[in-house]
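I opened my notebook to record what I looked up in this structure. The entries are in the order I made them.

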Amino acid sequence: AELRSGNLGLVSSLLIVRHGRLVYDEYFMGMSSEQLHNCYSVTKSFASALVGIAQASGAIGELDTPLLSFFPEYPVVENDGAWKRAITLEHALQMRTGIEWDEWTVNYGTPDNPVTALYQSDDWIKHMLDQPMGSEPGTDFTYNTGVTLLLSGVIQNSVGFSAETYAYMTL
């Protein structure tokens, strides 16, 4: 009832899986099981879990590993400097990279939203690595959809498979 009333925010669906089986699903705001739509926050949880699985298997080293070291295919990045080189895997997992990013004050889908700019870029990883820094890594939490893509890139470059494929392999 709370979901149907809208009191819990913009929730488009509720699915409950028990013992590997879908036992309940309901859709809100005109959505249906056939409609695809963007998933933001939940994707961050999956990416973090996959990084943890890869780390436990030995494919990814310590959390204090510099983030840029996972991307040797990009030896040069824009806005390079001490802060950018200080970003660690842990900072990315905590969303404390220091990357200048504000996806909340401008509506998603509008040209000024950084997520829109990211989606329109030809190379999402490079786009994220090129972003300017706004604060010292580890100091400020900033909700950043693009950091999830960096975590996906860490997974791919560490295990040799896309995050999606790796997720299926680890089930």
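**Entry 1: the model**

I noted at the start that this is a predicted model.

**Entry 2: M133**

I began with M133. Where does M133 sit? I found M133 in the loop between α6 (124-129) and α7 (145-159).

Is M133 buried or exposed? The relative accessible area of M133 is 16%. Buried means under 20%, so M133 counts as buried.

Next I asked which residues M133 is in contact with, leaving aside its neighbours within four places in sequence. I listed W83, K84 and I87, then T97, G98, I99 and E100.

I also looked up a separation. M133 and Y24 are 109 residues apart along the chain. Their C-alpha atoms are separated by 43 Å.

**Entry 3: aromatic pairs**

How many aromatic pairs does the whole structure hold? My search found two.

I took W104 and Y143 to start. Their rings form a tilted pair, 4.8 Å centre to centre, with 50 degrees between the planes. This pair links distant parts of the chain, its residues being 39 apart. W104 lies in the loop between α4 (89-94) and α5 (114-120). Y143 lies in the loop between α6 and α7. M133 is found in the loop between α6 and α7 too.

I then checked how accessible each partner is. W104 has a relative accessible area of 57%. Exposed means over 50%, so W104 is exposed. Y143 is at 13%. That is under the 20% cut-off, so Y143 counts as buried.

I turned to Y119 and W124. This pair is tilted as well, at 5.2 Å centre to centre and 35 degrees between the planes.

**Entry 4: the cavity**

How many cavities of 30 Å³ or more does the structure hold? I counted one. About 40 Å³ of space lies in the largest cavity.

Which residues line the largest cavity? I wrote down L67, L68, K84, I87, I99, M128, L129 and L150. K84, I87 and I99 line the cavity, and they are also among the contacts of M133.

**Entry 5: the largest pocket**

I looked at open space next. The largest pocket has a volume of about 940 Å³. I found 27 residues lining this pocket. The closest to its centre are C39, T43, F46, A163 and E164.

Which helices each supply at least two residues of this lining? I noted α2 (41-56), α6, α7 and α8 (163-170). The largest share, eight residues, comes from α2. The lining divides into 16 nonpolar, nine polar and two charged residues.

**Entry 6: the second largest pocket**

I finished with the second largest pocket. Its volume is about 560 Å³. I found 14 residues in its lining, and L10, S12, H37, N38 and Y40 are the closest to its centre. What classes make up this lining? I wrote down nine nonpolar residues, five polar and no charged.

Technical notes: Residues numbered from 1 in each chain as written. Predicted model: local features only at pLDDT ≥ 70, side-chain atom pairs only at ≥ 80, totals over all residues. Heavy atoms only, no water. Helix = DSSP H or I, 4+ residues; strand = E, 2+ residues; numbered from the N terminus. Buried < 20%, exposed > 50% of the residue type's maximum accessible area, 1.4 Å probe, protein only. Contact = heavy atoms within 4.5 Å. Phe/Tyr/Trp six-rings, centres within 6.5 Å; stacked < 30°, edge-to-face > 60°. 1 Å grid on protein atoms, 1.4 Å probe; cavity = no way out; pocket = protein on both sides within 12 Å on 5 of 7 lines; lining within 4 Å. Points joined across faces, edges and corners; volume = space filled by probe spheres on them. Nonpolar A, V, L, I, M, F, W, Y, C, P; charged D, E, K, R; others polar.
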